[in-house]
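Please open the model in a viewer and keep the selection tool at hand.

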Amino acid sequence: MHLQVSSVCKTFGHGAKAKLVLDRVSFDLHAGEFLALVGSSGSGKSTVMRLIAGLDRPSAGTITIDGQPVRGPGSDRGMVFQKYSLYPWLTAAQNVAFGMELQRRPRLEIRERTAYFLEVVGLADAARKLPRELSGGMQQRIAIARALAAEPRVLLLDEPFGALDIQIRESMQEFLHQLWRQTGLTALLITHDLEEALLLANRVHIMAPNPGRIVRSVDVDLDRSNMAHLRVSPGFLELREELAQSLRGLEPALSR
Ligand SMILES: Nc1ncnc2c1ncn2[C@@H]1O[C@H](COP(=O)(O)OP(=O)(O)OP(=O)(O)O)[C@@H](O)[C@H]1O
Ligand SMILES: [Mg+2]
(Lines give C-alpha, C1' and ligand atoms only; values in the text may rest on other atoms or scores of the structure.)
(Ligands and ions follow the chains in the order given, each with its own letter.)
Protein backbone atom coordinates (compact mmCIF):
# COMPACT_ATOMS: atom_id res chain seq x y z
CA MET A 1 0.00 0.00 0.00
CA HIS A 2 1.28 3.41 -0.88
CA LEU A 3 -0.87 6.47 -0.31
CA GLN A 4 0.56 9.45 -2.08
CA VAL A 5 -0.71 12.99 -1.59
CA SER A 6 1.01 15.27 -4.12
CA SER A 7 0.79 19.05 -4.18
CA VAL A 8 -2.86 19.00 -3.17
CA CYS A 9 -4.66 22.35 -3.13
CA LYS A 10 -8.24 22.94 -2.11
CA THR A 11 -10.21 26.11 -2.65
CA PHE A 12 -13.72 26.63 -1.29
CA GLY A 13 -16.02 29.21 -2.83
CA HIS A 14 -15.72 31.12 -6.08
CA GLY A 15 -14.58 34.49 -7.37
CA ALA A 16 -14.03 37.12 -4.71
CA LYS A 17 -15.19 34.66 -2.01
CA ALA A 18 -12.71 31.95 -2.99
CA LYS A 19 -10.64 30.77 -0.04
CA LEU A 20 -7.50 28.69 -0.38
CA VAL A 21 -7.78 26.13 2.40
CA LEU A 22 -4.98 23.76 1.40
CA ASP A 23 -1.81 24.92 -0.26
CA ARG A 24 0.34 22.26 -1.95
CA VAL A 25 0.05 19.57 0.69
CA SER A 26 2.28 16.57 -0.04
CA PHE A 27 3.10 13.45 1.94
CA ASP A 28 3.43 9.68 1.59
CA LEU A 29 2.14 6.86 3.71
CA HIS A 30 3.41 3.30 3.27
CA ALA A 31 2.01 0.02 4.56
CA GLY A 32 2.60 -0.46 8.26
CA GLU A 33 3.37 3.18 8.97
CA PHE A 34 1.58 5.41 11.43
CA LEU A 35 1.44 9.00 10.26
CA ALA A 36 0.01 11.98 12.14
CA LEU A 37 -1.10 15.38 10.90
CA VAL A 38 -1.09 17.93 13.70
CA GLY A 39 -2.30 21.50 13.50
CA SER A 40 -4.51 24.08 15.09
CA SER A 41 -8.18 24.47 14.28
CA GLY A 42 -8.74 25.52 10.69
CA SER A 43 -5.39 24.31 9.37
CA GLY A 44 -7.19 22.01 6.96
CA LYS A 45 -6.66 18.64 8.64
CA SER A 46 -10.21 17.38 8.16
CA THR A 47 -10.20 18.66 4.62
CA VAL A 48 -7.13 16.51 3.87
CA MET A 49 -8.94 13.55 5.41
CA ARG A 50 -12.11 14.12 3.39
CA LEU A 51 -10.09 14.31 0.18
CA ILE A 52 -8.29 11.04 0.98
CA ALA A 53 -11.63 9.46 1.90
CA GLY A 54 -12.94 10.50 -1.50
CA LEU A 55 -15.74 12.59 0.00
CA ASP A 56 -14.47 15.63 -1.90
CA ARG A 57 -12.04 16.34 -4.74
CA PRO A 58 -8.79 18.34 -4.67
CA SER A 59 -8.81 21.62 -6.63
CA ALA A 60 -5.29 20.79 -7.81
CA GLY A 61 -2.77 18.02 -7.21
CA THR A 62 -3.37 14.30 -6.92
CA ILE A 63 -4.12 11.65 -4.34
CA THR A 64 -3.30 8.08 -5.32
CA ILE A 65 -3.35 4.69 -3.64
CA ASP A 66 -0.86 2.34 -5.27
CA GLY A 67 -0.79 4.68 -8.22
CA GLN A 68 -4.58 4.70 -8.70
CA PRO A 69 -6.25 8.10 -8.26
CA VAL A 70 -8.85 8.29 -5.48
CA ARG A 71 -12.19 8.86 -7.22
CA GLY A 72 -14.64 8.36 -4.37
CA PRO A 73 -15.20 6.56 -1.09
CA GLY A 74 -14.12 2.92 -0.92
CA SER A 75 -13.74 0.14 1.61
CA ASP A 76 -9.95 0.27 1.17
CA ARG A 77 -10.10 3.28 3.53
CA GLY A 78 -11.62 2.85 6.99
CA MET A 79 -12.79 5.97 8.78
CA VAL A 80 -13.15 6.87 12.44
CA PHE A 81 -14.41 10.32 13.42
CA GLN A 82 -14.49 12.40 16.58
CA LYS A 83 -18.24 12.16 16.98
CA TYR A 84 -19.25 8.64 17.80
CA SER A 85 -20.54 7.49 14.49
CA LEU A 86 -22.13 4.23 15.58
CA TYR A 87 -25.68 3.47 14.54
CA PRO A 88 -27.61 3.95 17.79
CA TRP A 89 -30.27 1.35 16.96
CA LEU A 90 -27.71 -1.42 16.29
CA THR A 91 -25.88 -3.41 18.96
CA ALA A 92 -22.10 -3.22 19.23
CA ALA A 93 -21.78 -6.49 17.29
CA GLN A 94 -24.21 -5.32 14.59
CA ASN A 95 -22.24 -2.10 14.26
CA VAL A 96 -19.00 -4.04 13.80
CA ALA A 97 -20.69 -6.30 11.24
CA PHE A 98 -22.20 -3.40 9.31
CA GLY A 99 -19.35 -2.68 6.89
CA MET A 100 -18.83 -6.37 6.20
CA GLU A 101 -22.53 -6.73 5.37
CA LEU A 102 -22.21 -3.91 2.85
CA GLN A 103 -19.35 -5.91 1.37
CA ARG A 104 -21.73 -8.91 1.15
CA ARG A 105 -19.38 -11.24 2.91
CA PRO A 106 -20.65 -14.73 3.84
CA ARG A 107 -22.71 -14.79 7.02
CA LEU A 108 -20.41 -17.16 8.87
CA GLU A 109 -17.36 -15.07 8.04
CA ILE A 110 -19.13 -11.94 9.28
CA ARG A 111 -20.00 -13.67 12.54
CA GLU A 112 -16.45 -14.90 13.08
CA ARG A 113 -14.79 -11.63 12.18
CA THR A 114 -17.20 -9.66 14.36
CA ALA A 115 -16.33 -11.83 17.35
CA TYR A 116 -12.64 -11.55 16.54
CA PHE A 117 -12.58 -7.75 16.29
CA LEU A 118 -14.72 -7.29 19.40
CA GLU A 119 -12.06 -9.39 21.12
CA VAL A 120 -9.24 -7.31 19.59
CA VAL A 121 -10.69 -4.11 21.05
CA GLY A 122 -11.40 -5.81 24.37
CA LEU A 123 -15.18 -5.61 24.15
CA ALA A 124 -16.33 -9.17 23.57
CA ASP A 125 -18.63 -8.81 26.58
CA ALA A 126 -20.34 -5.78 25.07
CA ALA A 127 -21.46 -7.52 21.87
CA ARG A 128 -25.18 -7.23 22.60
CA LYS A 129 -25.12 -3.75 24.11
CA LEU A 130 -26.47 -0.68 22.36
CA PRO A 131 -24.12 2.29 21.90
CA ARG A 132 -25.95 4.35 24.56
CA GLU A 133 -25.12 1.65 27.10
CA LEU A 134 -21.39 2.08 26.41
CA SER A 135 -18.94 4.77 27.53
CA GLY A 136 -17.45 7.16 24.97
CA GLY A 137 -14.15 5.27 24.97
CA MET A 138 -15.93 1.97 24.43
CA GLN A 139 -17.96 3.46 21.58
CA GLN A 140 -14.76 4.61 19.89
CA ARG A 141 -13.27 1.15 20.29
CA ILE A 142 -16.35 -0.27 18.57
CA ALA A 143 -15.97 2.32 15.81
CA ILE A 144 -12.33 1.25 15.35
CA ALA A 145 -13.36 -2.42 15.35
CA ARG A 146 -16.01 -1.66 12.72
CA ALA A 147 -13.47 0.11 10.52
CA LEU A 148 -10.84 -2.65 10.90
CA ALA A 149 -13.30 -5.50 10.31
CA ALA A 150 -13.87 -4.31 6.74
CA GLU A 151 -10.12 -4.85 6.11
CA PRO A 152 -9.19 -1.35 5.00
CA ARG A 153 -5.72 -0.84 3.60
CA VAL A 154 -5.45 2.35 5.61
CA LEU A 155 -7.26 3.50 8.73
CA LEU A 156 -8.13 7.22 8.73
CA LEU A 157 -8.70 8.67 12.20
CA ASP A 158 -9.96 12.24 12.54
CA GLU A 159 -9.65 13.40 16.17
CA PRO A 160 -10.87 9.99 17.31
CA PHE A 161 -10.30 10.72 21.01
CA GLY A 162 -11.18 14.42 20.91
CA ALA A 163 -14.43 13.99 22.80
CA LEU A 164 -12.99 11.81 25.56
CA ASP A 165 -11.83 12.94 28.98
CA ILE A 166 -8.11 12.89 29.67
CA GLN A 167 -7.84 9.53 31.49
CA ILE A 168 -9.84 7.65 28.88
CA ARG A 169 -7.96 9.49 26.17
CA GLU A 170 -4.65 8.29 27.55
CA SER A 171 -5.80 4.70 27.80
CA MET A 172 -7.16 4.91 24.23
CA GLN A 173 -3.76 6.14 23.04
CA GLU A 174 -2.14 3.09 24.62
CA PHE A 175 -4.82 0.90 23.13
CA LEU A 176 -4.25 2.29 19.64
CA HIS A 177 -0.50 1.86 19.94
CA GLN A 178 -0.89 -1.79 21.02
CA LEU A 179 -3.36 -2.37 18.20
CA TRP A 180 -0.91 -0.94 15.69
CA ARG A 181 1.90 -3.14 17.04
CA GLN A 182 -0.24 -6.26 17.06
CA THR A 183 -2.09 -5.92 13.78
CA GLY A 184 0.43 -4.01 11.67
CA LEU A 185 -2.27 -1.63 10.50
CA THR A 186 -1.50 1.45 8.44
CA ALA A 187 -2.88 4.60 9.98
CA LEU A 188 -3.29 8.30 9.38
CA LEU A 189 -4.17 10.13 12.58
CA ILE A 190 -5.45 13.67 12.62
CA THR A 191 -5.19 15.52 15.89
CA HIS A 192 -4.53 18.95 17.34
CA ASP A 193 -2.76 17.26 20.26
CA LEU A 194 0.98 17.22 19.70
CA GLU A 195 1.58 14.80 22.57
CA GLU A 196 -0.87 12.34 21.05
CA ALA A 197 0.81 12.61 17.65
CA LEU A 198 4.29 12.06 19.08
CA LEU A 199 3.19 9.14 21.23
CA LEU A 200 1.64 7.28 18.32
CA ALA A 201 3.18 8.21 15.00
CA ASN A 202 6.41 7.30 13.21
CA ARG A 203 6.20 10.52 11.34
CA VAL A 204 4.45 13.77 12.22
CA HIS A 205 3.58 16.56 9.81
CA ILE A 206 2.78 19.91 11.42
CA MET A 207 0.18 22.01 9.63
CA ALA A 208 -0.47 25.74 9.87
CA PRO A 209 -3.58 27.67 8.78
CA ASN A 210 -4.27 30.45 6.27
CA PRO A 211 -3.69 28.72 3.97
CA GLY A 212 -3.51 25.19 5.38
CA ARG A 213 -0.11 23.74 4.65
CA ILE A 214 2.59 21.48 6.06
CA VAL A 215 5.26 23.59 7.71
CA ARG A 216 7.38 20.96 9.39
CA SER A 217 7.85 17.21 9.28
CA VAL A 218 9.58 15.08 11.88
CA ASP A 219 10.45 11.42 12.10
CA VAL A 220 9.68 10.12 15.56
CA ASP A 221 11.65 7.19 16.88
CA LEU A 222 10.79 6.59 20.51
CA ASP A 223 10.76 3.61 22.82
CA ARG A 224 7.02 3.26 23.47
CA SER A 225 7.16 0.11 25.56
CA ASN A 226 6.12 2.11 28.62
CA MET A 227 3.91 4.96 27.45
CA ALA A 228 3.16 6.30 30.92
CA HIS A 229 6.89 6.63 31.47
CA LEU A 230 7.50 8.07 28.03
CA ARG A 231 4.94 10.86 28.55
CA VAL A 232 7.04 12.35 31.35
CA SER A 233 10.54 11.44 30.15
CA PRO A 234 12.85 14.44 29.62
CA GLY A 235 13.67 13.63 25.99
CA PHE A 236 9.99 13.38 25.11
CA LEU A 237 9.05 16.59 26.91
CA GLU A 238 11.91 18.41 25.22
CA LEU A 239 10.85 17.27 21.75
CA ARG A 240 7.23 18.14 22.48
CA GLU A 241 8.11 21.60 23.76
CA GLU A 242 10.38 22.33 20.84
CA LEU A 243 7.67 21.41 18.35
CA ALA A 244 4.98 23.17 20.38
CA GLN A 245 6.94 26.37 20.03
CA SER A 246 7.06 26.02 16.29
CA LEU A 247 3.28 25.38 16.33
CA ARG A 248 2.61 28.42 18.55
CA GLY A 249 4.80 30.63 16.43
CA LEU A 250 2.54 29.85 13.51
CA GLU A 251 -0.73 30.75 15.12
CA PRO A 252 -2.34 34.16 15.29
CA ALA A 253 -1.73 35.65 18.76
CA LEU A 254 -5.45 35.64 19.67
CA SER A 255 -6.15 32.03 18.86
CA ARG A 256 -5.14 30.71 22.28
N1 LIG B 1 -17.24 22.82 2.78
C2 LIG B 1 -16.56 23.93 3.12
N3 LIG B 1 -16.89 25.13 2.59
C4 LIG B 1 -16.21 26.25 2.91
N5 LIG B 1 -15.16 26.27 3.75
C6 LIG B 1 -14.78 25.12 4.31
C7 LIG B 1 -15.46 23.88 4.02
N8 LIG B 1 -14.85 22.90 4.72
C9 LIG B 1 -13.86 23.49 5.41
N10 LIG B 1 -13.81 24.82 5.17
C11 LIG B 1 -12.83 25.77 5.73
O12 LIG B 1 -11.55 25.21 5.53
C13 LIG B 1 -10.70 25.51 6.64
C14 LIG B 1 -10.09 24.24 7.15
O15 LIG B 1 -11.13 23.46 7.74
P16 LIG B 1 -10.85 22.02 8.33
O17 LIG B 1 -12.14 21.54 8.89
O18 LIG B 1 -10.19 21.17 7.32
O19 LIG B 1 -9.82 22.35 9.50
P20 LIG B 1 -9.31 21.43 10.69
O21 LIG B 1 -7.83 21.56 10.71
O22 LIG B 1 -9.87 20.07 10.57
O23 LIG B 1 -9.90 22.16 11.97
P24 LIG B 1 -10.43 21.56 13.37
O25 LIG B 1 -9.22 21.27 14.20
O26 LIG B 1 -11.25 22.67 13.94
O27 LIG B 1 -11.25 20.33 13.07
C28 LIG B 1 -11.53 26.28 7.64
O29 LIG B 1 -11.29 27.65 7.45
C30 LIG B 1 -12.95 25.95 7.23
O31 LIG B 1 -13.82 26.98 7.55
MG1 LIG C 1 -11.13 18.91 11.78
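Predicted model: local features only at pLDDT ≥ 70, side-chain atom pairs only at ≥ 80, totals over all residues.

**Stop 1: Q173**

Is Q173 buried or exposed? The relative accessibility of Q173 is 2%, and a residue under 20% counts as buried, so Q173 is buried. Its place is in helix α5, which covers residues 166-183. Now display the surroundings of Q173. Leaving out residues up to four places away in sequence, Q173 touches F161, D193, E196, L199, L200, M227 and R231.

**Stop 2: A31**

With a relative accessible area of 49%, A31 is partly exposed. Which residues does A31 touch, when those up to four places away in sequence are not counted? They are M1 and T186. Select L185 as well: A31 and L185 are 154 residues apart in sequence, yet their C-alpha atoms are 7.5 Å apart in space.

**Stop 3: strand β3**

Six of the six residues of β3 are buried, and the strand is mostly covered. On one side of β3 are F34, A36 and V38, and on the other are L35, L37 and G39; both faces are covered.

Strand β8 (residues 187-191) runs parallel to β3 and is joined to it by five bridges. In this pair, L35 stands opposite L188. Strand β9 (residues 203-208) also pairs with β3 in the parallel sense, over five bridges. Here V38 is opposite I206. In general, the strands of a sheet pair through backbone hydrogen bonds, in either a parallel or an antiparallel manner.

**Stop 4: the open sheet**

For antiparallel pairing, select β2, β1, β4 and β5. These four strands form an open sheet in the order β2-β1-β4-β5. Which strands stand at the edges? They are β2 and β5 (68-69); each has a single partner strand, so one side of each is left without a neighbour in the sheet. Within the sheet, strand β1 (residues 2-12) pairs with β2 in the antiparallel sense through eight bridges. To see one position of this pairing, select V5 and find F27 of β2 opposite.

**Stop 5: helix α1**

Select residues 45-53, which make up helix α1. Seven of the nine residues of α1 are buried, so the helix is largely enclosed by the rest of the structure. The buried residues are K45, T47, V48, M49, L51, I52 and A53. Just after α1, look at G54, where phi is positive, at about 80°.

**Stop 6**

In soluble globular proteins, nonpolar side chains tend to be buried together. The largest nonpolar core of this model has 53 residues; F34, I142, I144, L157 and V204 touch the most other members. Which helix gives the most to this core? Helix α4 (residues 136-149) does, with seven residues. The core draws at least three residues from each of domain 1 and domain 2.

Centre the view on I142. Apart from neighbours within four places in sequence, I142 is in contact with L86, A92, N95, V96, L118, L123 and L134. Another core, of 23 residues, lies apart from the largest one; L3, V5, L156 and I190 are among its members.

**Stop 7: the two domains**

Colour the chain by domain. The domain assignment gives domain 1 as 1-76 + 163-256 and domain 2 as 83-151. How many Å separate the centres of the two domains? The separation is 25 Å, taken over C-alpha atoms. Where the domains meet, eight residues of domain 1 are in contact with twelve residues of domain 2.

**Stop 8: the whole chain**

Finally, zoom out to the entire protein chain, which contains eight helices and ten strands. Its C-alpha atoms fill a box of roughly 50 × 45 × 30 Å along the principal axes. The radius of gyration is 18 Å, which agrees with the value near 18 Å for a compact globule of 256 residues. Of these 256 residues, 48% count as buried. Among contacts between residues at least 6 apart in sequence, 70% join residues at least 24 apart. The chain exposes about 12,800 Å², of which carbon and sulfur atoms supply 51%.

Technical notes
Residues numbered from 1 in each chain as written. Chains lettered and ligands numbered in written order. Heavy atoms only, no water. Core = buried A, V, L, I, M, F, W, Y, C linked by side-chain atoms within 4.5 Å. Buried < 20%, exposed > 50% of the residue type's maximum accessible area, 1.4 Å probe, protein only. Helix = DSSP H or I, 4+ residues; strand = E, 2+ residues; numbered from the N terminus. Domains from an automatic or database assignment. Contact = heavy atoms within 4.5 Å. Rg over C-alpha atoms; globule rule 2.2 N^0.38 Å. Areas by Shrake-Rupley, 256 points an atom, 1.4 Å probe, with all protein chains shown as cover. Pairing = 2+ DSSP bridges.
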